[in-house]
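Please look through the sequence and the model below before reading on. The report that follows takes up some helix pairs and then turns to a ligand site.

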Amino acid sequence: MIPAAFEYHRPTDLQAALATLQEFGDEARVIAGGHSLVPMMKLRMATIGHLVDLRAIADLKGIRIDGAAVRIGAMVTQQELIADAALARAAPILRETALQIADPQVRAVGTIGGNVANGDPGNDMPALMQCLDASFSLVGPNGSRAVKAREFYEAAYVTAREDDEILVAIDFAAPGGGYAYEKQKRKIGDYATAAAAVTIRKDGTACSAASVAMTNLSDVPVWSKAAGDALVGSACGPADVGRAVAAALADIAPTADNRGPAEFKRHAAGVVIRRAIERAWSRA
Amino acid sequence: MAKMQLRLTVNGEAAELLVEPRELLVYVLRERLGLTGPHVGCDTSHCGACTVDMDGRSVKSCTVFAAQADGADVTTIEGLGAPGGLSVLQQAFREHHGLQCGFCTPGMITRAHRFLQENPNPSEEEVRFGMAGNLCRCTGYQNIVKAIMAAAAELNAVREAAE
Ligand SMILES: Cc1cc2nc3c(=O)[nH]c(=O)nc-3n(C[C@H](O)[C@H](O)[C@H](O)COP(=O)(O)OP(=O)(O)OC[C@H]3O[C@@H](n4cnc5c(N)ncnc54)[C@H](O)[C@@H]3O)c2cc1C
Ligand code: FES
Ligand code: FES
């Protein structure tokens with residue numbers, strides 16, 4: 001499959017990349033690892049006149065951990081996330097999630113920035129970022145701004161990012177406590193039929209904080225405040241978990257596709273949410 | 001659209017050629033440089049038959065534009081061994097019947113080559129996880145896993161003997 005022709009740009013700093021986006025407007029798009037964008041261009045679902053490759057911009061690389069504050073550069077690959085020992089200590093849910101994305105070759109080049117900026121409801125990182133209450137740092141011609149992951153996704157492939165803005169980094173506070181990312185997929189390497197990210201903190205025998213978010217169960221990732229609220233103050237017994245699962249299911253809107261009918265996805269969602277809560281609690 | 005001068009190191013040798021940025025790396029390797037080891041199995045980023053080593057990482061060369069590879073160091077199966085001088089992995093695939101039709105084999109071995117550098121002492125389960133981006137329609141994988149385990153043992157023995 002041959003994509004439509006394009007001009008290729010490889011700026012070495014952010015200002016040059018922004019200038020190229022400004023110059024070519026609608027015609028231009030950034031490319032990171034290319035493992036969502038290249039397949040779409042090959043299928044001619046995306047036609048782009050000017051590709052602005054971010055690979056040579058050193059500022060977009062690197063993982064910084066300062067106490068509980070974690071900052072991940074947009075061009076950090078899934079493989080680099082998995083290999084980072086300090087990140088695995090500070091926020092092990094990142095590694096657990098990244099290991100469930102695609103396959104080794106895709107993880108070697110696919111970036112966290114591309115994963116969250118893409119806007120595909122099948123991407124795994126957006127729900128995790130909502131679970132962690134992360135914020136996305138965007139830089140555009142008028143300066144920089146931060147947008148909460150919970151406010152970033154508007155519809156499939158539609159996000160709060162303006163066309164001339166570049167995502168430079170992701171920030172969140174390491175959640176502490178227990179965590180789990182549970183994903184149901186048809187085969188290894190596949191996108192989720194249903195997936196859930198859960199973090200839980202425990203104070204004595206009771207849950208003191210909980211966050212639940214879900215992947216591929218609506219046209220955007222879904223953070224369920226009600227599901228977290230159902231757990232807080234409880235001992236996360238079967239009835240409490242049941243209430244949280246019911247609350248989470250009330251917040252999703254799965255549709256039928258080649259991964260199954262909507263009712264099946266609801267069923268799969270119930271299973272992964274329950275497992276994620278139980279596992280996060282057992283680790284809290 | 002403008003063509004660009006693409007510079008690559010392929011199997012240790014410098015290559016320079018005029019390409020359209022949209023040409024895919026697998027196409028450049030196969031059609032321009034005559035390296036037909038990387039195969040096009042699916043053309044949709046799933047099967048791994050097109051796997052090559054690029055700057056020390058396994059990549060699916062059907063999903064990389066030539067332009068993205070500018071300046072890269074690329075190794076294909078042709079760079080890992082040759083008839084009469086098979087690599088340890090190639091030899092192990094032969095001995096353990098790690099191939100039948102052979103279509104997936106260049107991608108399998110190129111990925112296994114990188115995997116054994118990432119993890120020189122893998123368990124069987126780690127081999128399966130590390131090779132999850134490569135599909136085989138013939139072998140049922142069992143003998144591929146066996147071949148990689150055998151190659152790891154042999155490479156480790158050679159390494160120990162050298163130390
Ligand atoms: C076989 C296969 C299986 C896969 N399975 C999964 C899976 O299970 N789970 C999953 O989550 N993903 C999966 N993916 C997708 C993969 O993780 C992609 O790599 C990821 O979605 C996009 O990251 P990228 O760096 O490749 O981005 P690209 O493809 O380069 O870009 C994706 C989009 O984001 C935009 N973009 C990228 N970076 C920035 C930035 N810094 N600022 C602004 N915009 C930006 C681009 O313009 C483009 O629109 C799979 C891909 C393949 C090929
Ligand atoms: S041909 Fe590249 S992954 Fe199948
Ligand atoms: S040997 Fe035939 S596809 Fe693997």
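In chain B, the axes of helix 3 (residues 105-118) and helix 5 (residues 142-162) come within 11 Å of each other and cross at roughly 40 degrees. Because of that angle, helix 3 of chain B counts as oblique to helix 5 of chain B, and the crossing of helix 3 and helix 5 in chain B is right-handed. These values, like those that follow, were computed from a predicted model.

Helix 5 of chain B also has a crossing with helix 2 (residues 88-95) of chain B, where the two axes come within 8 Å and the angle is roughly 135 degrees. The crossing of helix 2 and helix 5 in chain B is right-handed.

The ligand site comes next. Around ligand 1 there are 31 residues, of which A:Arg29, A:Val30, A:Ser36, A:Thr111 and A:Asp124 come nearest. Why can the site be called shared between chains? The residues that surround ligand 1 come from chains A and B, so the site belongs to both chains. Within chain A, strand 2 (28-31), helix 7 (112-117) and strand 10 (166-173) each supply at least two residues of the shell around ligand 1. By residue type, the shell around ligand 1 divides into 13 nonpolar, 13 polar and five charged residues.

| Residue | Atom of the residue | Distance to an oxygen atom of ligand 1 |
|---|---|---|
| A:Val30 | backbone N or O atom | 2.6 Å |
| A:Thr111 | polar side-chain atom | 2.7 Å |
| A:Ala102 | backbone N or O atom | 3.3 Å |

On its own, ligand 1 has 970 Å² of accessible area, and the protein covers 98% of that area. Two of the residues in the table, A:Val30 and A:Thr111, are also among the residues that come nearest to ligand 1.

Note on methods
Residues are numbered from 1 along each chain as its sequence is written. Chains are lettered from A and ligands numbered from 1 in the order in which they are written. This is a predicted model: local features need pLDDT of at least 70, side-chain atom pairs count only at pLDDT 80 or more; totals for chains, interfaces and linings use all residues. Side-chain values use heavy atoms; hydrogens and water are left out. A residue is near a molecule or strand if one of its heavy atoms lies within 4 Å of it. A polar contact is a pair of N or O atoms within 3.5 Å; within protein, one must be able to donate a hydrogen and the other to accept it, and residues adjacent in sequence count only if both atoms are side-chain atoms. Accessible areas come from the Shrake-Rupley method with a 1.4 Å probe; for residues, only the protein chains shown count as cover. Helices (H or I, at least four residues) and strands (E, at least two) are DSSP runs, numbered from the N terminus. Ala, Val, Leu, Ile, Met, Phe, Trp, Tyr, Cys and Pro count as nonpolar, Asp, Glu, Lys and Arg as charged, and the others, Gly among them, as polar. Axes are lines fitted to C-alpha atoms, for helices over the stretch in contact, and angles run from 0 to 180 degrees between N-to-C directions. Angles under 35 degrees count as roughly parallel, over 145 as roughly antiparallel, 65 to 115 as roughly perpendicular and the rest as oblique. A crossing is left-handed if the near helix is turned anticlockwise from the far one by less than a right angle, and right-handed if clockwise.
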